[in-house]
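User: I want to see how the labels on this model follow from the numbers. Take me through them one by one.

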Amino acid sequence: MNTLVFISNSPHIYRQTDMNLLTKIFWALGILIWLMMLIVLIIALTDIISWNPFKEYRFIIAIGFIATSGFIRNAYKNRMNTRNV
């Protein structure tokens with residue numbers, strides 16, 4: 001059930017703030033996932049841990065990190081382009 005709040009004769013303000021909150025949550029989640037992937041990449045490419053569980057999958061982890069970084073970059077650029085229009 002949608003609830004509309006009328007502030008200054010505009011019913012779209014409530015929905016707009018809802019979308020802003022969802023957008024902020026999405027970007028925060030994306031940043032956290034990217035940081036976790038960065039930590040895994042650092043562990044995989046260095047010998048910080050002697051029993052490195054990621055040693056065999058270094059190439060796959062690096063390709064995944066690059067791909068995820070590219071997807072986040074494209075999403076950010078698209079968001080900024082639609083915001084400035």
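Analyst: Start with the rings. The count comes to 3 aromatic pairs. Rings of Phe, Tyr and Trp (its six-membered ring) pair if their centres lie within 6.5 Å; planes under 30 degrees apart count as stacked, over 60 as edge-to-face and the rest as tilted.

User: What makes the pair of Phe26 and Trp27 edge-to-face?

Analyst: The ring centres of Phe26 and Trp27 are 5.2 Å apart, and the planes stand at 70°. The cut-off for edge-to-face is over 60 degrees. Therefore the pair is edge-to-face.

User: Why is the pair of Trp34 and Phe65 called tilted?

Analyst: Here the centres are 5.4 Å apart and the planes make 35°, so the label is tilted. The pair links distant parts of the chain: Trp34 in helix 1 and Phe65 in helix 2, 31 residues apart. Helices (H or I, at least four residues) and strands (E, at least two) are DSSP runs, numbered from the N terminus.

User: Which residues do ring pairs link into a cluster?

Analyst: Phe26, Trp27 and Tyr76.

User: Before going on, what kind of model is this, and how are residues numbered?

Analyst: It is a predicted model: local features need pLDDT of at least 70, side-chain atom pairs count only at pLDDT 80 or more, and totals for chains, interfaces and linings use all residues. Residues are numbered from 1 along each chain as its sequence is written, and side-chain values use heavy atoms, with hydrogens and water left out.

User: Is Phe65 buried or exposed, and how do you know?

Analyst: Phe65 has 12% relative accessibility, so it counts as buried. The classes are buried under 20% relative accessible area, exposed over 50%, and partly exposed in between (1.4 Å probe, protein chains only). Trp34, at 29%, is therefore partly exposed.

User: What else does Trp34 touch?

Analyst: Not counting residues up to four places away in sequence, Trp34 touches Phe65, Ser69 and Ile72. Contact means heavy atoms within 4.5 Å. The C-alpha atoms of Trp34 and Thr68 are separated by 7.5 Å, although the two are 34 residues apart along the chain.

User: And what is the class of Gly30?

Analyst: Gly30 is at 21% relative accessibility, so it is partly exposed. Gly30 lies in helix 1. Its C-alpha atom is 9.5 Å from that of Thr68, 38 residues apart along the chain.

User: How do you know that Asp47 and Arg58 form a salt bridge?

Analyst: The rule asks for a side-chain nitrogen of Lys or Arg within 4 Å of a carboxyl oxygen of Asp or Glu. Asp47 and Arg58 meet at 3.7 Å, N to O. Asp47 is in the loop between helix 1 and helix 2, and Arg58 is in helix 2, 11 residues apart. Asp47 has a relative accessible area of 61%, so it is exposed. Arg58, at 27%, is therefore partly exposed.

User: Why is Asn52 called buried?

Analyst: Because its relative accessibility is 11%. Asn52 is found in the loop between helix 1 and helix 2 (58–84). Asn52 touches Ile43, Ala44, Thr46 and Arg58, not counting residues up to four places away in sequence.

User: What does the side chain of Asn52 reach?

Analyst: It reaches the backbone oxygen of Ile43 at 2.9 Å and the backbone nitrogen of Phe54 at 3.1 Å.

User: What makes the nonpolar surface patch?

Analyst: Leu29, Ile31, Leu32, Ile33, Leu35 and Met36 make it, with about 570 Å². Patch residues have over 30% relative accessible area and no salt bridge; like charges are joined within 9 Å, nonpolar side chains (Val, Leu, Ile, Met, Phe, Trp, Tyr) within 5 Å.

User: How many helices and strands does the protein chain have, and what share is buried?

Analyst: The protein chain has 2 helices and 0 strands. Buried residues make up 8% of its 85 residues.

Technical notes: Areas by Shrake-Rupley, 256 points an atom, 1.4 Å probe, with all protein chains shown as cover. Polar contact = N/O pair within 3.5 Å; in protein donor to acceptor, adjacent residues only side chain to side chain.
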